[in-house]
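Me: I'm new to this one and would like a quick tour. Let's start with the sheets.

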Amino acid sequence: MRIGANLVIGGTLFALVVIAGVLAPWLAHTDPVMDANLMNAEEPPGGAFWFGTDAQGRDIYSRVLYGARISLTVGIVSQLINTVIGVCLGLSAGYWGGWWDDFVSGLTNLVLAIPSLIFALALMAILTPGLTSLLIALGLTNWSFTCRLARASALSLKSQGYVQAAKVLGYGDVRIMVTQLLPNMLGPIIVIGTLGMGGAVLAEAALSFLGLGIRPPFPSWGSMLSDARDQITTAPWISIFPGLAIFITVLGLNLLGDGLRDILDPQGRAGKA
Amino acid sequence: MGSCGAIIMAEPAPETILKVEDLAVHFPVGGYFRGRRSLPAVDGVDLELKKGECLGVVGESGCGKSTLALSILGLQAPTRGRILLDGHEVGAGMDRMARARIAQLVFQDPYSSLNPRQTVRATLATPLRLHGMTDDGEIDARIAAMLAQVGLRPEHAARYPHEFSGGQRQRIGIARALILRPKVVLLDEPVSALDVSIRAQIINLLLELKDAFRLSYIMISHDLGVVEHMSDRVAVMYLGRVVETGPWETIFTRPRHPYTRALIAAIPDPFGRTRGVKVTGEVPNPLDPPTGCSFHPRCPEARAICRERPAPGLEALGADHLVRCRRAAELAA
Amino acid sequence: MSAAPLLQVDDLRIDLALGDERFAAVQDVSFSIGRGETFGLVGESGCGKSITALALIGLLRPPLRLAGGTVRLDGREIQSLRAAEMRRLRGKRISMIFQEPMTALNPVSPVGRQIAEMFVLHEGATWQEAERRAVEALASVRVAAPERRAKDYPHQLSGGMRQRVMIAIALACSPDLLLADEPTTALDVTVQAEILDLVRDLCAAKGTAVLMISHDLGLIANACRRVGVMYAGRIVETRAAEEVFRAPSHPYTSGLVASLPLLGARAKEGRRRLKEIAGVVPSVAGFPHGCRFHPRCGRASDLCREDDPGPTPLPGDGLVRCHHHG
């Protein structure tokens with residue numbers, strides 16, 4: 001199995017973020033929301049506060065750790081929703097063709113024409129801000145690439161002999177789609193999914209920055225950046241650390257996606273034939 | 001029906017296991033509005049397959065043999081006519097599961113006909129489970145027996161397709177086609193994609209299995225040598241129609257339709273002997289077929305009447321030998 | 001009096017790089033083709049016949065590499081010519097036609113123009129004159145209404161027509177040698193026969209020698225005067241075409257002849273069980289040690305397992321590589 005540098009580096013970075021988020025209650029020094037002491041406001045990094053404190057005197061290190069939870073939840077769950085919607089629509093559209101394919105393709109084109117962030121923004125404006133709404137908004141707006149990919153894969157795979165063989169053996173349509181087509185298109189879909197997670201993390205940061213995502217005082221990296229707007233020159237550490245966290249997470253996910261793409265084709269999976 | 005006893009019957013004629021009656025499959029081509037025409041891939045075909053027989057279907061591109069195969073398997077709805085498999089009509093009425101238990105298919109390309117993500121066991125076990133077999137022991141026994149029958153070993157069941165050679169993959173494909181114990185097997189160019197030195201293995205295997213399981217084959221092939229070797233009867237197709245059909249020996253030693261003769265003449269003889277008159281030109285576009293008999297532009301025996309009037313239906317020229325040609329009787333004399 | 005051969009190939013070796021390793025895909029291949037002669041190379045997938053042809057015309061690309069041997073065209077060595085010199089030879093002295101005309105023709109250029117290019121490039125003709133000669137070339141490959149067909153694009157033509165266009169391009173400048181790699185495999189049976197007849201007639205008229213490559217032993221025996229049978233990167237037998245089927249010498253050749261269902265055989269002798277050749281065709285990375293055919297050979301002995309047989313001359317300008325031939 002060719003395990004390239006991408007997979008190792010990306011995997012490590014992603015693993016770090018996951019550990020940070022999962023073990024936040026133990027790794028953090030303070031409660032990210034409650035422990036706010038104005039006496040400690042805007043302390044530079046050092047001493048008890050590894051990453052310094054923000055304008056409310058909260059420990060940035062602890063907030064970054066807890067922020068990882070939010071970012072990971074958003075990234076993973078919303079991308080899961082995207083993938084499920086995209087695969088269901090794309091796979092069935094490619095396989096069945098006809099009017100259903102025309103309908104799904106039209107819908108996909110429509111959604112693709114609207115920038116996904118704006119779309120999510122609009123949805124968030126309607127729904128009450130919060131984690132659940134964020135998941136719904138991001139989950140419902142970013143499925144078009146996966147759908148396109150699933151449809152293209154279904155179109156090329158359905159003419160393979162083994163799909164026809166399954167039909168001749170009496171398999172029903174749904175069984176064919178799930179057992180014959182889906183396993184053979186997972187590779188690219190997983191890659192897109194991983195890359196999409198990075199996009200979701202960025203989207204969450206952007207939405208929270210605009211005040212439409214996670215509302216303060218919850219420690220979302222995006223809202224932390226938003227809070228730090230006024231202190232960029234006077235206390236840069238308040239923006240640097242959440243920004244760095246976003247950067248590392250998205251970079252890790254992108255590298256992981258590339259690395260997965262390298263090993264996820266059938267020949268590579270079994271090693272040299 | 002029969003009364004008691006004393007009637008001494010002759011060996012009963014083999015029953016017909018597949019009957020195709022006036023089958024036509026027309027594909028709509030062109031846009032949604034204007035210019036919508038009809039492509040007659042199969043244009044009125046009558047065929048009969050008897051139990052235990054191998055019927056070879058030969059023809060070049062555009063003759064409709066693939067569409068014919070798909071129709072028999074129920075994968076292509078006919079525009080006209082009907083197909084009777086073991087007495088049941090194939091079509092909207094027939095349950096796909098029942099049809100799967102009667103007719104199966106062996107594919108041309110061993111490299112794309114197996115799911116790369118399934119082990120051999122999974123490929124063979126899933127159809128059994130789908131058709132109601134639940135006991136794991138029974139399933140494993142059936143798989144082991146089938147693998148042995150096609151010349152593979154039990155340990156091969158745990159492997160993936162890419163671990164096998166082309167010939168072995170074709171054996172797996174044959175095992176899959178036979179696992180449900182069908183009565184009719186369609187062979188779509190079963191050895192064309194295989195290396196020449198292993199074709200004999202698969203041809204011999206197919207003939208052995210036919211006898212062992214009392215199967216009936218419809219073999220589609222462009223390789224006349226293979227067709228002659230394996231078939232009991234042969235049907236020659238041109239542009240969606242059967243132009244000649246009969247026992248293999250008749251077709252290959254006394255062909256009567258000019259197209260059949262041309263096909264045979266076109267095969268290069270290793271000893272440099274000629275086999276007859278070759279034809280020129282190419283298969284015409286089925287959307288724009290010639291007037292009258294569809295073969296007349298290329299036919300060395302064509303006369304004015306062949307251009308003006310369509311070729312008649314299949315006419316008997318001898319016992320069990322049918323030819324669709326206006327001049328067949330004349331030419332045979 | 002024997003004239004010097006047009007093409008003389010000696011000890012050709014082609015290497016294939018797989019990962020870090022290097023395998024000899026073709027080794028010790030030697031043969032010659034006389035002026036105007038038709039020579040056939042026959043073998044299965046992976047035997048090296050196609051890459052041998054590519055080596056002759058200088059079209060090998062990495063991971064394939066010409067690793068040894070000489071190729072002499074009219075006495076002059078051409079295997080190590082520089083790219084520019086080889087380009088001058090291609091089309092003018094050596095030409096090639098391929099199995100899939102659709103991929104060999106330029107899809108966005110009318111076929112007449114593609115033929116005309118040959119005259120402009122190699123004979124310095126003007127475009128006007130070249131297009132006129134292109135129409136003549138189309139007529140010579142028996143295309144009806146050549147002036148109109150010359151304006152068509154490849155996708156508007158049928159498979160057989162495209163193959164004729166490819167032949168017209170290849171023979172436009174009357175090369176000395178034509179390499180034909182499975183030229184009829186993708187065509188219908190009746191069209192195959194026509195194309196083979198066309199190649200034979202045109203090359204006879206122009207005095208062009210032909211190296212025909214195919215996996216179909218019957219086709220090669222019919223179309224060629226001499227045949228070279230390749231297996232696992234080596235030529236195992238070279239014979240006159242009529243001898244190959246009548247009295248094959250190498251066990252692989254005789255195995256093939258016995259395993260093929262020949263048209264007319266059943267009518268004469270009844271249906272006999274085809275004689276199988278055991279085993280599978282070896283791949284480049286796994287050529288057996290000693291004689292490459294020994295794992296599948298009924299005559300294999302200990303000597304065969306150890307020692308790769310050298311060429312033994314046979315009467316009638318033939319050659320066989322086998323310890324137990326005949």
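Me: In what order do the eight strands of the open sheet in chain C run?
Reply: The order is β6-β7-β8-β3-β9-β10-β12-β11, and the pairing is mixed. Two strands pair if DSSP finds at least two bridges between them. Strands are DSSP runs of E with at least two residues, helices are runs of H or I with at least four, and both are numbered from the N terminus. This is a predicted model: local features need pLDDT of at least 70, side-chain atom pairs count only at pLDDT 80 or more, and totals for chains, interfaces and linings use all residues. Residues are numbered from 1 along each chain as its sequence is written, while chains are lettered from A and ligands numbered from 1 in the order in which they are written.

Me: Which are the edge strands?
Reply: β6 (94–97) and β11 (312–314) of chain C, each of which pairs on one side only. Neighbouring strands of this sheet are turned by 25° against each other on average, ignoring direction. Axes here are lines fitted to C-alpha atoms, for helices over the stretch in contact, and angles run from 0 to 180 degrees between N-to-C directions.

Me: In what sense do β3 and β9 of chain C pair?
Reply: Parallel. Strand β3 (residues 38–42) and strand β9 (residues 226–231) of chain C share four bridges. C:Gly40 stands opposite C:Val227 in β9(C).

Me: Which helix lies across β6 and β7 of chain C?
Reply: Helix α7 (residues 159–171) of chain C does, running at about 170° to β6(C).

Me: How many helices and strands are there in chain C?
Reply: 13 helices and 12 strands. The radius of gyration of chain C is 21 Å, close to the 20 Å that the globule rule gives for 326 residues, so chain C is as compact as a globular protein of that length. That radius is taken over C-alpha atoms, and the rule is 2.2 Å times the number of residues to the power 0.38. The C-alpha trace of chain C spans about 65 × 50 × 50 Å along its principal axes.

Me: What percentage of chain C do buried residues make up?
Reply: 47% of its 326 residues. A residue is buried if 20 or more other C-beta atoms lie within 10 Å of its own, exposed if 12 or fewer, and partly exposed in between, with C-beta atoms placed from the backbone.

Me: Where is the cis peptide bond in chain C?
Reply: From C:Pro62 to C:Pro63, with omega near 10°. C:Pro63 lies in the loop between α1 (49–56) and β4 (64–73) of chain C.

Me: Switching topic. Which chains have the most contacts between them?
Reply: Chains B and C, among the two pairs of chains that touch. Two residues are in contact if their C-beta atoms, placed from the backbone, lie within 7 Å. Chain A and chain C do not touch, and their nearest C-alpha atoms are 10 Å apart.

Me: How many residues does the contact take from chain B and chain C?
Reply: 36 from chain B and 38 from chain C. On the side of chain B that touches chain C, α6(B) gives the most, with eight residues. The residues on that side of chain B divide into 16 nonpolar, 12 polar and eight charged. Ala, Val, Leu, Ile, Met, Phe, Trp, Tyr, Cys and Pro count as nonpolar, Asp, Glu, Lys and Arg as charged, and the others, Gly among them, as polar.

Me: Is strand β9 of chain B mostly covered or mostly open?
Reply: Mostly covered: six of the six residues in β9(B) (233–238) are buried. B:Arg233, B:Ala235 and B:Met237 point one way, and B:Val234, B:Val236 and B:Tyr238 the other. In a regular strand the side chains alternate between the two faces of the sheet.

Me: What do β9(B) and β10(B) form?
Reply: A hairpin, with two residues between the strands. β9(B) and β10(B) (241–247) pair in the antiparallel sense over six bridges. B:Val236 has B:Glu244 as its bridge partner. In the turn, B:Leu239 has a positive phi of about 50°.

Me: And B:Asp86, buried or exposed?
Reply: B:Asp86 counts as buried because it has 20 C-beta neighbours inside 10 Å. Its phi is positive, about 55°, although it is not a glycine. B:Asp86 sits in the loop between β4 (80–85) and β5 (88–90) of chain B.

Me: What about B:Asp22, buried or exposed?
Reply: With 12 C-beta neighbours inside 10 Å, B:Asp22 counts as exposed. B:Asp22 is found in strand β1 (residues 16–29) of chain B, and its phi is near 45°.
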